[in-house]
Amino acid sequence: MLFNSIEFLLFLATVFILYWFVFNKNLKCQNLLILIGSYFFYAWWDYRFLSLIFLSTILDYVIGLNIPKHTSQRKQKLLLWCSILFNLGVLGFFKYYNFFIESWIDLFNLIGYEIKSVWTLNLILPIGISFYTFQTMSYTIDVYRKKLKPTKDFISFAAFVSFFPQLVAGPIERATNLLPQVLKKREFNYKQGVQGLRLILWGMFKKIVIADSLAPIVNEIFKNHQDFGGGTIWLGVIYFAFQIYCDFSGYSDIAIGTSKIFGFELTSNFKFPYFSRNIGEFWRRWHISLSTWFRDYLYILLGGSKGGRFKSVRNIFIIFLVSGYWHGANWTFIFWGLFHSILFIPSFFFNTNRKYLRSVAGENRIFPSFRELFQMGSTFFLVTIGWVFFRSSDLISSMNILTKMFMELKSPEIKSTGLYLIAFLLIFDWIFKHNEREVLNFKNTLLRWVIYIFLFLSIAYNYLNYSIEEFIYFQF
Amino acid sequence: MNNFILKIFLYLLATLFISEFLIRIMKLTNEVPHRKINPIGLQTYISNQQGYFNNNNWKVNDFGFLGLSDINSENQLMIIGDSFIENIMNPIECNQGSNIKRILGDKYGVFEVGRSGITMIESLEFMKQLSPKVNPKLVLIYLSENDVLESISNIKRLKDRLQINVRTKKIEKVILKYPLLKKFLYEFKSLYYFYIKGGFVLKMKHENSSNYEETNNNHLIKSLFSILLENYDFSNVLFIVHSSNKFIDNLLDDYKLENIKIKFSNSNWFMENDSHWNCIGHRKVSELITETIQNKFINYNL
């Protein structure tokens, strides 16, 4: 079920009514409703892959319960590895199997051995698999690290794994954050509910009005890049930068907002990344739940920055490459990760990667300073170059597009009306840049309501008159 | 919680009110005339309604139709057909009747019976019922494959269409489908807009279901034609056949029912995003048939 569909609105209204008006008195019933609702939500897309979620849930539930029962560190580690191998095995099989086979065949062909592709399988990638496998792994790792006590309540645990607002495209929740909320009695909070609805509205606007309006232009330019000049391609790449931002952060806003109306607080996933002043800040503001996951469960496991400069640089490379690879079985994603690691490493050497940990651009000012404008512009420029790898179908296309962008500069041949939408987005983002949870919270009631209605009508108009695209991150 | 629900309700109400206002001001929806079942059991529009469709104004005449309503002329013509003849999507100047009258001249009177969804048997019933009032010398019945198939309840029962059971030879009663809901939707323009844009369609599975199964209905069609020949007078009827199939074409010829078969070759005869003829299409079709009409009148007057 897509968030940007009428069936989701009906589903949401039904679950909301049952949750707060029918099962309000009983936590177990509420959690069971979340579980059934989440499975129904997933089954709407394809019920066959529910078995994978269920299997992953059972395995990690059992392993989680058994880890503390063993006093031997070796046995605990063995159980942990069972969980990791199962989850990564499922992920690897469905997502990367064909890529590995094809890469081997290509390699053999390159050195002169002709091999026919008889090993590749016709696999469907189960939606959300990259997200929920990471979520369940975080549970067993945290139990192993004694950061979390395992739960005996299977329904609550299953509800945590399959929690529908973030099941298919995140934010990737940690058990330490979400599971205690599932286990605790929830009370409806008016402020939280209103905040949730605002986030849903803003997320829908970003997705349906901005991302889906830019999508056809981006698709056309990337598909037929050989027919366009550098100016048009620049426009297409900038549009893609905002398409993917609005698409994914829109999804996250809807997920966080939906959770809020059920009394849950999810992790923030985006904090206005295009206002970042360097690459380090960008990665603290873009897909936060994934980058912190890799930081906590992989970077630190590899030794983090404790083993000297060489080891740290190696770890940074690994993190970025794995992060790129996580997005999909294609060399373009690996290059995207590699490109970002190259951007990141200088700031690591000059110790600027931890700069701007707490502040935002234009702090306590209406407009940013010229220095900040330059910093934000140059960071956006570099990130946008990276998006060329991310969006292209293969590396040769990426190179062709980059060559055109820098060697064939001509003015754009298409209308740049999408820039008005981008300007609108940036103004709103700038106004609420201090707190991503407080979007649309204008102090003036009349202004707030006028904006609510304007956004709603824009969403409805676009929904009814233009094609609705799937969320980009569903494919990862 | 009560405050929360109340605010959502107020918000939706305000949004609905403003969207209703905007849709009316910007004329984002077309207006469709309301229907009734007339005393003889046929479906017509309620008289004297007015509205707009594709920015063209329409008005329902006293007989319950949208088109020309000349009667008792010396050279009286009656044109019967479905949405192509109703032609609500184009200005009335583009109607078949208007085009034929423009070519043949003002001495010809044209009465148009056009209603979307009309079946072949319904066309013939209209002819039977209205002929004493209109006095046509010639009746043109525009016919497509659907009009024939939808006449036969044995193929698929459509309760809002006049149909015949070809086995029992009984005409099936017509009822208006969801009249109150339709009235509500037509009046509530924002909901109607949402409805016509497919907002109520759930997107789990898209099934390309055609109206009719791919079974051979030829024996039923043949039975229909036999019944029609027994019960209606075709002496002054000329069928204008479009979007038909070979079996029906042959049947018309075999039963010696006079007809002109229109073959379409040019896509600019049709409206964008719509399978109906545009003004060019209407003009071209009328040009193709007027010579035959003129000859029929000459023969009749002789």
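Me: What makes A:Lys260 and A:Glu265 a salt bridge in this predicted model?
Reply: Look at the gap: their closest N and O atoms are 2.9 Å apart. The cut-off for a Lys or Arg nitrogen and an Asp or Glu carboxyl oxygen is within 4 Å, so A:Lys260 and A:Glu265 pass as a salt bridge.

Me: Why is A:Lys260 called buried?
Reply: Buried means under 20% relative accessible area. A:Lys260 has 3%, so it counts as buried.

Me: And A:Glu265, is that one buried, partly exposed or exposed?
Reply: Partly exposed, with a relative accessible area of 28%. That label covers what lies between the buried limit of 20% and the exposed limit of 50%, so 28% puts A:Glu265 there.

Me: What makes B:Arg115 and B:Glu122 buried?
Reply: B:Arg115 is at 0% relative accessibility, and B:Glu122 is at 0% too.

Me: Which residues are joined into one network by salt bridges that share partners?
Reply: That would be A:Arg277, A:Glu281, A:Arg285, A:Arg365 and A:Glu372. Over all chains, the structure holds 23 salt bridges.

Me: How much of chain A is buried?
Reply: Buried residues make up 57% of its 476 residues. Also, take the contacts in chain A with a separation of 6 or more: residues 24 or more positions apart account for 77% of them.

Me: Which residues touch the most other members of the largest nonpolar core?
Reply: A:Tyr274, A:Trp286, A:Trp387 and A:Tyr473, in a core of 159 residues. Helix H9 (residues 230-261) of chain A gives the most to this core, with 17 residues. There's also a second, separate core of 40 residues, and B:Phe65, B:Ile155, B:Val166 and B:Leu252 are among its members.

Me: What does A:Tyr274 touch?
Reply: Leaving out residues up to four places away in sequence, its contacts include A:Phe242, A:Tyr245, A:Phe282, A:Trp286, A:Phe380 and A:Trp387.

Me: On to chain B. What makes it as compact as a globular protein of its length?
Reply: Chain B has ten helices and eleven strands. Its radius of gyration of 21 Å is close to the 19 Å that the globule rule gives for 302 residues, so the label holds. Along its principal axes, the C-alpha trace of chain B spans about 80 × 45 × 40 Å, and 48% of its residues count as buried.

Me: Why is B:His282 called buried?
Reply: Its relative accessible area is 0%, and the limit is under 20%, so B:His282 is buried. You'll find B:His282 in helix H10 (residues 279-301) of chain B. Its contacts, not counting residues up to four places away in sequence, include B:Phe84, B:Asn87, B:Cys94 and B:Trp277.

Me: How do you know that B:Ile25 is exposed?
Reply: Exposed means over 50% relative accessible area. B:Ile25 has 59%, so it counts as exposed. B:Ile25 sits in helix H1 of chain B, and it is one of the residues making a nonpolar surface patch of about 910 Å².

Me: Where does the largest share of that nonpolar patch come from?
Reply: From helix H1 (residues 2-25) of chain B, with five residues. Chain A has a part in the patch too, through A:Tyr461 and A:Tyr466.

Notes
Residues numbered from 1 in each chain as written. Chains lettered and ligands numbered in written order. Predicted model: local features only at pLDDT ≥ 70, side-chain atom pairs only at ≥ 80, totals over all residues. Heavy atoms only, no water. Patch = residues over 30% accessible without salt bridge, like charges linked within 9 Å, V, L, I, M, F, W, Y side chains within 5 Å. Areas by Shrake-Rupley, 256 points an atom, 1.4 Å probe, with all protein chains shown as cover. Salt bridge = Lys/Arg side-chain N within 4 Å of Asp/Glu carboxyl O. Helix = DSSP H or I, 4+ residues; strand = E, 2+ residues; numbered from the N terminus. Buried < 20%, exposed > 50% of the residue type's maximum accessible area, 1.4 Å probe, protein only. Core = buried A, V, L, I, M, F, W, Y, C linked by side-chain atoms within 4.5 Å. Contact = heavy atoms within 4.5 Å. Rg over C-alpha atoms; globule rule 2.2 N^0.38 Å.
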